[in-house]
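Here is a short walk through one chain. Keep the sequence and the coordinates side by side as you read.

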Amino acid sequence: QSKLKEAIKRNNTRTGKSCIPEKGIRATYAKLQRPSFSEGFDALYYVTINGDNTFTIKEWSK
């Protein structure tokens with residue numbers, strides 16, 4: 001459940017080599033594809049980044 005605006009916002013808080021050019025983030029985001037069970041995965045999950053930099057993990061719903 002990647003959100004482009006949120007990824008760019010998080011990236012803008014980084015410095016030095018860890019800060020990726022926005023063009024790179026946008027190009028990579030455009031290539032993202034949702035995974036599917038037909039690819040052979042045993043389990044899939046949604047991962048959400050919370051405001052306090054923790055994660056919420058939920059089972060994938062079809």
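Which element gives the largest share of the lining of the largest pocket? Strand β1 does, with five residues. Bear in mind that this is a predicted model.

Stay with the pocket for a moment. Its volume is about 630 Å³. In total, 20 residues line the largest pocket. Nearest its centre lie Q1, S2, K3, Y29 and L32. Two or more lining residues come from each of α1, α2 and β1.

Helix α1 spans residues 4-11. Three of its residues, L4, I8 and N11, are buried. They cover an arc of only 60° around the axis, so they sit on the same side of α1. Look next at the face of α1 turned away from the buried side. There you find K5 and K9, which are exposed.

Buried or exposed? N11 counts as buried because its relative accessibility is 2%, and the cut-off for buried is under 20%. Leave out residues up to four places away in sequence, and N11 touches S18, C19, I20 and I25.

E6 also belongs to helix α1. Its state is in between: E6 is partly exposed, because its relative accessible area is 41%, while exposed would need over 50%. E6 and D52 are 46 residues apart along the chain. Their C-alpha atoms are separated by 14 Å.

Next come the strands. β1 covers residues 45-49 and β2 covers residues 55-59. The two run antiparallel, and five bridges join them. Follow the pairing residue by residue. V47 stands opposite I57 in β2. T48 has T56 as its bridge partner in β2. How many of the five residues of β2 are buried? The count is zero, and β2 is hardly covered.

β1 and β2 form a hairpin, with five residues between them. N53 is found in that loop between β1 and β2. What is the phi of N53? The value is near 65°, positive in a residue other than glycine. As a general rule, most residues other than glycine have a negative phi. N53 counts as exposed because its relative accessible area is 60%, and the cut-off for exposed is over 50%.

N11 is buried in the model, whereas N53 is exposed. Helix α1 has its buried residues on the same side, with K5 and K9 on the face turned away. β1 pairs with β2 through five bridges, and β1 also gives five residues to the lining of the largest pocket.

Notes
Residues numbered from 1 in each chain as written. Predicted model: local features only at pLDDT ≥ 70, side-chain atom pairs only at ≥ 80, totals over all residues. Heavy atoms only, no water. Helix = DSSP H or I, 4+ residues; strand = E, 2+ residues; numbered from the N terminus. Buried < 20%, exposed > 50% of the residue type's maximum accessible area, 1.4 Å probe, protein only. Contact = heavy atoms within 4.5 Å. Pairing = 2+ DSSP bridges. Arc of directions from axis to C-beta. 1 Å grid on protein atoms, 1.4 Å probe; cavity = no way out; pocket = protein on both sides within 12 Å on 5 of 7 lines; lining within 4 Å. Points joined across faces, edges and corners; volume = space filled by probe spheres on them.
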